[in-house]
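Reader: Got a structure here I'd like to go through. Can you take me around it?

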Amino acid sequence: MRKFNIFIVFFALVLFVSAVLPPRAAALADPAVLASSALLVEVTSDKVLYDKNKDAAVDPGGAVKMMTVLLAVEAIENGQAALTDAILAGEAAFDPSGRSGAVPKIVSGEMLTLEDLLYDAYLAGDTNAAGIIATCLAGSPAAYVERMNKQAAALGCKNTHFTNVFGTADATQTTSAWDQYLIFKEALRHPLFLKIAETTAYQMQATNKSKPRALINGNLMLQYSSPYYEKNSVAGCAASSDAGEKSMTAYSKNDNLTLIAVTFGASDIPASDGAIVDQRFTETKRLLDWGFAGFAWKELTEQNTAVASEKIDLAEGTDVVNLLPSDTIKAVVRSDLTDVDIKKDIVYYGASGGRALVAPVRSGELLGQMTITVDGENCGTVSLVAASDVRLDKGKFVQKRLQDTLHNIWFQLGAAIFVILLGGYIYLIIRDRKARRGEEELRVKKEKKMKPEKIDRKENNEKKKLAAFLKKKD
């Protein structure tokens with residue numbers, strides 16, 4: 001019976017502690033992406049939502065076409081080239097490996113427009129088209145590679161080094177998931193690049209050597225009929241390397257988030273029906289779905305909602321002033337975030353140095369600042385202002401000034417000196433009166449000792465003087 005009672009007490013204690021203690025911040029389940037390196041970033045905020053070896057060096061393979069096309073787009077925007085430019089294909093510009101990725105291949109002596117070459121290089125992964133673009137704009141693929149490396153460095157890519165525009169395997173040609181994100185994010189800023197990257201199908205013009213060519217975007221996440229279709233996907237870059245390593249860079253957005261996902265090293269696997277599953281698409285799609293479901297933009301402060309109150313002295317009708325955020329802090333946070341998970345660090349300017357805030361205060365007056373932290377991440381700092389006017393209580397003000405005056409050391413010192421001087425003055429007056437009284441008493445004693453005849457003579461003299469005065473008056 002005693003053991004049963006102990007169990008009941010223990011169980012009740014557990015329930016009590018669970019109710020009193022604040023809930024711990026939840027953590028999203030790891031998507032466990034099947035790729036050697038992977039990255040998911042919310043583009044607007046640059047917030048990394050998922051990272052798996054994002055800085056690991058990898059072979060870019062065909063992903064080099066992103067930088068190839070980006071530089072060409074910038075040249076067009078700067079007026080150095082035009083989409084309608086006619087370009088003569090020469091063998092010197094062709095991929096020396098012999099694989100171009102396009103069917104039918106561009107042949108020597110063919111005249112093509114720069115626009116068709118850009119779509120061919122990007123959608124079909126035509127390495128010959130990439131070489132022709134590089135030769136046209138820089139004189140040679142090697143010179144173009146120098147521009148590619150310069151641009152990569154300018155974008156902050158620390159693990160990227162290009163040696164060719166074809167994506168040919170080279171031990172010194174490397175990139176990383178993070179660097180691919182930086183390159184693709186920059187590329188999407190250019191409308192022409194985005195237009196090319198989001199195109200699902202394109203038809204090249206007929207040339208002097210070929211009939212019109214139909215190009216299909218290798219990014220199957222854009223193809224509605226594909227099992228890899230992703231409804232929020234806008235653009236992307238599907239690529240592979242000479243070693244068979246596949247990569248995917250996807251740009252996707254919904255009403256709340258704008259995401260870029262990057263995966264490298266997601267291998268093909270056989271399906272139960274004998275088909276091959278291309279995991280660069282499935283894993284990238286799964287990563288995007290995880291991001292859309294698990295995160296959202298959220299307002300962490302509201303301008304019209306008080307977040308704190310500060311004690312205020314000498315105020316009329318109140319002893320506190322409510323504080324409002326001067327601006328709204330928005331951040332990408334977990335979708336399941338609760339107010340308990342939002343940490344608010346508040347600094348009160350009026351309380352600095354141990355001083356108290358004193359009325360009057362005007363509505364909108366700057367009184368402090370608040371820093372918002374979620375899951376250990378600083379989401380921003382906002383100023384705090386008074387929510388309303390706070391008037392001065394004149395009675396309290398006078399009382400306070402009197403108290404302050406009485407407690408002022410200089411006032412106390414002056415008062416002490418005054419009291420001492422006043423005491424000395426009173427002492428001198430009392431001493432003087434005592435001295436005069438003593439002199440008067442001494443004079444009286446002397447007169448009493450005078451002889452009677454002298455007193456009578458004195459009285460007679462006074463009487464005579466009085467009689468003479470009266471006679472003169474008559």
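This is a predicted model: local features need pLDDT of at least 70, side-chain atom pairs count only at pLDDT 80 or more; totals for chains, interfaces and linings use all residues.

Reader: Where is Asn53, and what is its phi near?

Author: Asn53 is in the loop between β2 and α2. Its phi is near 55°, a positive value in a residue other than glycine. Helices (H or I, at least four residues) and strands (E, at least two) are DSSP runs, numbered from the N terminus.

Reader: And Asp375, what is its phi near?

Author: Phi of Asp375 is near 50°, a positive value in a non-glycine residue. Asp375 is in the loop between β18 and β19. At 45% relative accessibility, Asp375 counts as partly exposed.

Reader: Pockets next. How much space lies in the largest pocket?

Author: About 410 Å³. A pocket is an open set of points on a 1 Å grid over the protein atoms alone, where a 1.4 Å probe fits, with protein on both sides within 12 Å along at least five of seven lines; lining residues have an atom within 4 Å of a point. Grid points are joined across faces, edges and corners, and the volume is the space filled by probe spheres set on the points.

Reader: Which residues are closest to its centre?

Author: Gly62, Lys65, Ala124, Gly125 and Ser240, out of 25 lining residues. β7 gives the most to that lining, with 3 residues. The lining divides into 10 nonpolar, 10 polar and 5 charged residues. Here Ala, Val, Leu, Ile, Met, Phe, Trp, Tyr, Cys and Pro count as nonpolar, Asp, Glu, Lys and Arg as charged, and the others, Gly among them, as polar.

Reader: What about Lys65, which ring does its charged end sit over?

Author: Tyr122, at 5.5 Å from the ring centre. The test is NZ of Lys or CZ of Arg within 6 Å of the ring centre and within 35 degrees of the ring normal. Lys54 lies over the face of Trp178, at 4.9 Å.

Reader: How many aromatic pairs does the structure hold?

Author: It holds 8. Rings of Phe, Tyr and Trp (its six-membered ring) pair if their centres lie within 6.5 Å; planes under 30 degrees apart count as stacked, over 60 as edge-to-face and the rest as tilted. Tyr119 and Tyr202 are stacked, because their ring centres are 3.9 Å apart and their planes at 0°. Both Tyr119 and Tyr202 are buried. Tyr122 and Phe193 have centres 5.4 Å apart and planes at 80°, so that pair is edge-to-face.

Reader: Which residues lie nearest the centre of the second largest pocket?

Author: Lys47, Phe295, Val332, Asp375 and Glu377, among 17 lining residues. The volume is about 290 Å³. β15 supplies the largest share of the lining, 5 residues. Phe295 also forms one aromatic cluster with Tyr50 and Trp290.

Definitions and conventions:
Residues are numbered from 1 along each chain as its sequence is written. Side-chain values use heavy atoms; hydrogens and water are left out. Buried means under 20% relative accessible area, exposed over 50%, partly exposed in between (1.4 Å probe, protein chains only).
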